Amino acid sequence: MTSDLFPAAALATLKQAYPNTPCRIGHGLIGHPLLALDSLAELAGTLPADSVEHNLGAMPIGIDPQDIPASDLGIVETIRTIDESKSWAVLKRIEQDPRYAELLGSVLAQLEPVVRPRTGPMLELEGFVFISSPGSITPFHFDPEHNVLLQLRGSKTMTVFPAHDDRLADPRIHEAFHLGQHHRNLPWQDEFGAAGQAMTIEPGEALYVPVKAPHWVKNGPEVSISLSVTWRSEWSFAEADARAFNHMLRGLGLSPASPAPFPNRNLAKSLGHRAIRKLRGGLGR
Ligand SMILES: [Fe+2]
């Protein structure tokens, strides 16, 4: 049932947009038994603790990581009672279960003919499932991966912002993120709102979200289940390396320019960072 997940029109739309522009496309994954609530609750009970996360879903758009309210329920119970637990749960790297690895592989294989000619091989393939209560909010944040979010149940509205706007996410935050020093949530200011594009997806629709495009998400009035299929590219790794290199330049008192959008490969800074990392490794640091 996963042999023809994306209609030709969906792949044509993605081909126009990828990798810099968000777009909405159709998909045929609704009703897959591995993505039903019971199956997901069962999966949650088998994944390691660092691969599951759940919070109360009644949050503002912008929130400091330490202010995120904790939930009393465990992950399995949160998912089983998601219609009333006012929560948000995520199952990370679902490919740890071979059945989900097969599913993820078959979804990504159908995107590859569009992706590979633009950004090269799909690297570090990972899948995430988001299960959320009616009306819950995922605060303003960015992610380092190319991401297609497939809606399976309920609806959600993602407000997506441009990826390369330093006013929305300070370059120092990008740099700290790649050095493992910053939570993915971003500081929110109400005046950012006008720069966002609100895109609603219903079951059978998917959203492509570009690397580092800030976004926040509001669930519709029903329980929502979404599958996120993600990959990295040589270009996205170079962007991350350039950010880390900029951090070093800033430490030397310089004010480096932010990495340029695709198709610029940010090659010099990326190679510079990789050379320094190698040198430090050689020196035992
Ligand atoms: Fe995200």
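D143 is buried, since its relative accessible area comes to 19% (buried means under 20% relative accessible area, exposed over 50%, and partly exposed in between, using a 1.4 Å probe and protein chains only). The model here is a predicted one, so local features need pLDDT of at least 70, side-chain atom pairs count only at pLDDT 80 or more, and totals for chains, interfaces and linings use all residues. Residues are numbered from 1 along each chain as its sequence is written, and side-chain values use heavy atoms, with hydrogens and water left out.

D143 belongs to the iron site. Together with H141 (NE2) and H215 (NE2), D143 (OD) makes up the protein donors of the iron ion, at 2.1 to 2.2 Å from the metal. A donor here is an N, O or S atom within 2.8 Å of the metal (3.2 Å for Na, K and Ca), and water is not among the atoms, so sites may look incomplete. Along the sequence, the donor residues follow the spacing H-x1-D-x71-H. H141 counts as buried too, because its relative accessibility is 6%.

Strand β5 (residues 137–141) is also where T138 is found; helices (H or I, at least four residues) and strands (E, at least two) are DSSP runs, numbered from the N terminus. With 13% relative accessibility, T138 counts as buried. Its side chain and that of W88 are joined by a polar contact of 2.9 Å. That term covers a pair of N or O atoms within 3.5 Å; within protein, one must be able to donate a hydrogen and the other to accept it, and residues adjacent in sequence count only if both atoms are side-chain atoms. Leaving aside residues up to four places away in sequence, T138 touches W88, W216 and V217, where contact means heavy atoms within 4.5 Å.

Now for another histidine. H27 sits in the loop between β1 (23–26) and α2 (37–46), and at 8% relative accessibility H27 counts as buried. What lies around the side chain of H27? A polar atom of this side chain is 3.0 Å from the backbone nitrogen of L29, and the backbone oxygen of Q151 lies 2.8 Å from a polar atom of the side chain. Beyond four places in sequence, H27 touches L5, F6, P7, L150, Q151, L152, G204, E205 and A206.

Rings come next, and the structure holds eight aromatic pairs. Rings of Phe, Tyr and Trp (its six-membered ring) pair if their centres lie within 6.5 Å; planes under 30 degrees apart count as stacked, over 60 as edge-to-face and the rest as tilted. The pair of Y18 and W231 is tilted, because the ring centres are 6.0 Å apart and the planes stand at 35°. Y18 lies in the loop between α1 (8–17) and β1, while W231 is in strand β11 (residues 224–232), so the pair ties together parts that are 213 residues apart in sequence. Y18 is buried at 1% relative accessibility, and W231 is buried at 0%. Elsewhere, F140, F161, W188 and F192 form one aromatic cluster. K212 lies over the face of F142, at 5.0 Å from the ring centre; a charge sits over a ring if NZ of Lys or CZ of Arg is within 6 Å of the ring centre and within 35 degrees of the ring normal.

In soluble globular proteins, nonpolar side chains tend to be buried together. The largest nonpolar core in this model has 45 residues, and L91 and L111 have the most contacts inside it. Such a core is a set of buried Ala, Val, Leu, Ile, Met, Phe, Trp, Tyr and Cys residues joined through side-chain atoms within 4.5 Å. Helix α4 (residues 98–119) gives the most to this core, with eight residues. Apart from this core lies another, of 14 residues, among them W88, M158, A163 and M199.

Most residues other than glycine have a negative phi, and most peptide bonds are trans. The peptide bond from Y18 to P19, though, is cis, with omega near 5°. P19 is found in the loop between α1 and β1. K86 has a positive phi of about 50° although it is not a glycine; K86 lies in the loop between α3 (75–80) and β3 (87–91) and counts as exposed at 61% relative accessibility. R93 has a positive phi as well, near 50°. R93 lies in the loop between β3 and α4 and is partly exposed, at 26% relative accessibility.
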